[in-house]
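Here is a short report for a reader new to this structure. Please look over the sequence and the 3D view first.

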Amino acid sequence: MRRGKAPLAALLALSCLAAFAATPARNAAIRGEPLFSALGTRDGLPNASVSSIVQDGQCFLWFGTQGGLARYDGYSFKVFRHEPFDEGSLPHDLVQTLYLDGDSLWVGSYGGLARLDLRSERFTSYANDPARPDSLSNNVVTSIARDSRGRLWVGTLDGLNRLDGAGGGFRRFLHDPADPKSLPCDVVRAILPDRSGRLWIGSSGGGLSRFDYESEGFQSYRKGGPSDGSIISDYVMSIAEDSAGSLWVGSWYGGLSRFDPASGRFENHPMDDDRVYVLNADEEGSVYVGTWGGGLFEYDARKGGFQGYRASGSSGTLSSDVVYSLFRDVSGELWIGTNGGGLCKLGASRRSYEAISASSDGLPPGKVYAVLLDRLGYLWVGVYNEGLARRDPRTGAWRRYSRRAGDPRSLPNDIVNFLYEDEGGSVWAGTNDGLARYDRSGDCFETLRPVAGRGESLSSEIIYAMATDPPGEGPAGAWIGTFNTGLDYWDRAKGVFRHFRNDPSRGDSLSADLVTAIGRDSKDRLWIGTNRGLNRLESAPSSSAGVARGGGSFVRYLYDPSRKGGISSDSIRTIFLDSGRVLWIGTAGGGVMRYEPETDSFVSYTTNDGLPSNTVLRILEDGDGNLWIATQLGLVVYDRTAGKFRDLSVLSDLNSAEFFSGAFKSPDGALYFGALDRIYRFEPARYTFNSHRPPVALTAIRPMDEAPIGAAAASALPRLELSWKRNSVVFEFSALDYRDPERNRYSYRLEGFDEAWSPAGTGRAATYTQLPGGDYGFRVRASNNDGLWNEEGLTLRVHVGCNPWTSPWAHVLYAVFLAAGGAALGFLLSRSTIRALGSEAAGLRARLVAASVSMESAAIVDQLTGLPNRRKVEEHLELAMSKAASRKLDLAVLMVDIDNFKQYNDRHGRAAGDECLCRVAEALASCLKRSSDVAARFGGEEFLVVLEETDIEGALAEGESARRAVEELGMPADGGRPGEVLTVSVGCASIQPDAGQSPAVLLAAAERALVAAKQRGRNRISE
């Protein structure tokens, strides 16, 4: 491409946000490629072109777009748009730049400059007036900043402006060809006040300029010769200052330059695509460069050199190659605004892991059930029903192995349950059709299967686990766990198998024939996990000779809900011995257990202790002794130093939080974990947990029968006043940490009403009904995704008025009337009077009973929809869990959320929002088929349906019925396309609970499924 001076028309086109076609990019599966998570219009962003990003003092994020201004709390957007005939609204929906200024947000748009008061949420506008020379010079505002002397500067497409005084008058600075000290070009693109108090201006065609406060003129730095230390292009689009005070300049067709103000010289760094539009230098040692069509570049300021990130259209990559804005938030997340691709986020933890994603010529798509890095450096991966894939360490190329009908040397089955490397370096694959050994010389497989009529052969074709004996003389024996024929011992020296099976007549036999895990403890004793209990082999020695002589008694550990020191679940998934010789056991439904050999007992850890799920699939250990635990609902680290579980923030980049049994620790200490369509490689020593303690903000207060109070007004509210007639309220809140908002957790309490804090959870609303008169304190505390809590949180004082008949003055009057009545009663009493009073008292008692029943009903019924409320459905769920556990039945829940309800409510008003909730409630209730099914309002726009004796297939079917019932209401959606109707998203979950298991497990699974449904586009169901 020819390089030269960009024509002014092209730069004006940039100002009008013209989109360029994205060029093809490399696949995100390349080792070391970071993962980008995306937000777009489906998530509520008003427009897919994001020109500017800032973060306010409360930590709300603000995005300027082509379709208005949006405030984001990590979960939803509040949108500000231009409203005709409303002078207090945004002057133009096409926002070009933002600048945060204390309690004000300055907005540069195509309709001039506006100041948003963050408390009142009203705009004050400044526009060009041809009759006033002290008005804004042009209505297309491109840059805004306040200098070290407190004066506001505004760049436009036709000059630089300084706001002088409170009267709103502007001093204009324009290019004068006759004055070399004037602004060198009227198209101003960037303004930067540096730490030394200097003010720098970047213009399209005028290079870089410094404002001289004494002369009120400009010193310009322009393009010169190819080697004279001047800037490489005069079209300066962005200026940034790093922590060391260096200035970085991005120019159109010039690339990246470092500028030394002392010498006035530039150090230029040409790029593969040098159409630079925006810079960010807030990360130590790195400068991020956004280009107009070439994607995002990261420049290593210490070592030199660029790394580029391009859009490929696949999950986890940049959403568009036209990068429009860059911003690093207070927790370290880098936000990338694109032109047409919405928002992308590059997490602060990205340097701690790498992703290997499925691709047409690499890793097959699907569930990763097995991972192994062999001693030659080959990475082996078993993908469910897709066979094996192997990556060559020298070339990075992948080779796939699958079952080929009629070929006995091929992989015997495409379902690979585990991979194992023995002491001789042989790689074994346990499949659903035999145990296969990879033959390196022939690049093929040798398979062991059962032989009919031969009792000393392998007992089953479905193999789940394998472990070899400790090194000794001769070939080590191998223990093999099968699907339905128990435990086999393979005497490799003799080529025979010995079988250990469940014998109902023997209490010391193996507890079940489905063997899922094999491991050894600190005394080298063999432990066997089954689908019905944990076993320890007692009498058979480890050596092959000892096994051949006989023995085979087992100590059984079975789940007993009355024994606290026993195992927490009969379903064992993994057994792991750590470097401290401590034995850990992962279960399905019972969390993870630690074996205590001194007392022959177990210590259990569950979701109550911080696990994301009680189904634990694999356990690995890092170099510091911390345990990395893959669960059904996420990856968690047990931090030995802190004594707590920490969720990993990488989960925000996943399509699904679910991990599978594939996991491996390589000799270099790297940890591999298999997920859906992806493998993660972690270097634990480099992993950084989120240290940002999240601020907590009220996003809305919804008093009964009154207009909702928005976030801005709620933050400024000294005290919430509720009348005795309208004494119900809903508080909505958010932890303003954006690394993985869905994993932020909350606990709240109304002091003076609640005896204790609510259990920690992901719910962001608290509902209180029929509050007695008095003074309260509503408190919320929150944690980030890694479990770091803001214990102080927020507090709002609440006053509820007393009803007239319980006020102090009423009590005085009651005392007076009682005294007078008592005197009269003593004077007038007779038998007939007593009988009459008795009758009156009976009537009063009846009325009191009726009132009591009414109040009891109000405490368990949602007053708006008539459905059971959260308190009632949680009580019902507790009973249903207990019933299902005792009878070994399935129990399912549907978590239903109205799509884009906040926007619907804001647009159509509270009354319409209430009607919407009622109609959705009716639709859900109409889907219930059995008297045991319960639909309830769970909070805000969220509903919960409890389905007894229902497996996941049944739950999905009921979820689809609920989704369709709401869609068929035909209610118009929130200002969407013509004909678009209101919809719901449904998360489905089902379990067969164990005795004593908390409903929180089922609710958490349903909530994860609901999030997945939302992420996949709403108006759908997910499991």
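**Basis**

This is a predicted model: local features need pLDDT of at least 70, side-chain atom pairs count only at pLDDT 80 or more, and totals for chains, interfaces and linings use all residues. Residues are numbered from 1 along each chain as its sequence is written, and side-chain values use heavy atoms, with hydrogens and water left out.

**Overall**

The protein has 10 helices and 69 strands. These are DSSP runs numbered from the N terminus: helices are H or I with at least four residues, strands are E with at least two. Of the 1023 residues, 54% count as buried. Buried means under 20% relative accessible area, exposed over 50%, and partly exposed in between, with a 1.4 Å probe and protein chains only. Among contacts (heavy atoms within 4.5 Å) between residues at least 6 apart in sequence, 55% join residues at least 24 apart.

**Nonpolar cores**

In soluble globular proteins, nonpolar side chains tend to be buried together. A nonpolar core here is a set of buried Ala, Val, Leu, Ile, Met, Phe, Trp, Tyr and Cys residues joined through side-chain atoms within 4.5 Å. The largest has 31 residues. Trp62, Phe63, Leu69, Leu105, Val107 and Trp335 have the most contacts inside it. Strands 2 (50-55), 3 (61-65), 4 (68-72), 5 (77-80), 6 (95-101), 7 (104-109) and 8 (112-117) each give two or more residues to this core. Apart from it lies another core, of 28 residues, among them Leu373, Leu379, Val383 and Ala670.

What does Val107 touch, not counting residues up to four places away in sequence? Its partners include Leu69, Leu90, Phe123 and Ile144.

**Cavities**

A search of the whole structure finds three cavities of 30 Å³ or more. A cavity is a set of points, on a 1 Å grid over the protein atoms alone, where a 1.4 Å probe fits but cannot get out; lining residues have an atom within 4 Å of a point. The largest cavity holds about 50 Å³ of space. Its lining includes Leu894, Cys927, Val945 and Glu958. Strand 67 (942-948) and helix 9 (952-967) each give two or more residues to that lining. By class, the lining has seven nonpolar, no polar and one charged residues.

Ser357 is found in strand 29 (353-357). Arg536 sits in strand 44 (533-537). Ser728 lies in the loop between strand 59 (719-722) and strand 60 (729-735). Why does Ser728 count as buried? Because its relative accessibility is 9%. Ser357 is buried too, at 7%, and Arg536 counts as buried at 7%.

Each makes polar contacts, listed below. A polar contact is a pair of N or O atoms within 3.5 Å; within protein, one must be able to donate a hydrogen and the other to accept it, and residues adjacent in sequence count only if both atoms are side-chain atoms.

| Side chain | Partner | Distance |
|---|---|---|
| Ser357 | Arg678 side chain | 3.1 Å |
| Arg536 | Tyr557 side chain | 2.6 Å |
| Arg536 | Tyr595 side chain | 3.4 Å |

Ser357 and Ala675 are 318 residues apart along the chain, yet their C-alpha atoms are separated by 9.7 Å. Leaving aside neighbours within four places in sequence, Arg536 is in contact with residues including Asp521, Trp527, Phe554 and Asp600. Ser728, not counting residues up to four places away in sequence, touches Arg702, Pro703, Met704, Tyr768, Thr769 and Gln770.

Note on methods
1 Å grid on protein atoms, 1.4 Å probe; cavity = no way out; pocket = protein on both sides within 12 Å on 5 of 7 lines; lining within 4 Å. Points joined across faces, edges and corners; volume = space filled by probe spheres on them. Nonpolar A, V, L, I, M, F, W, Y, C, P; charged D, E, K, R; others polar.
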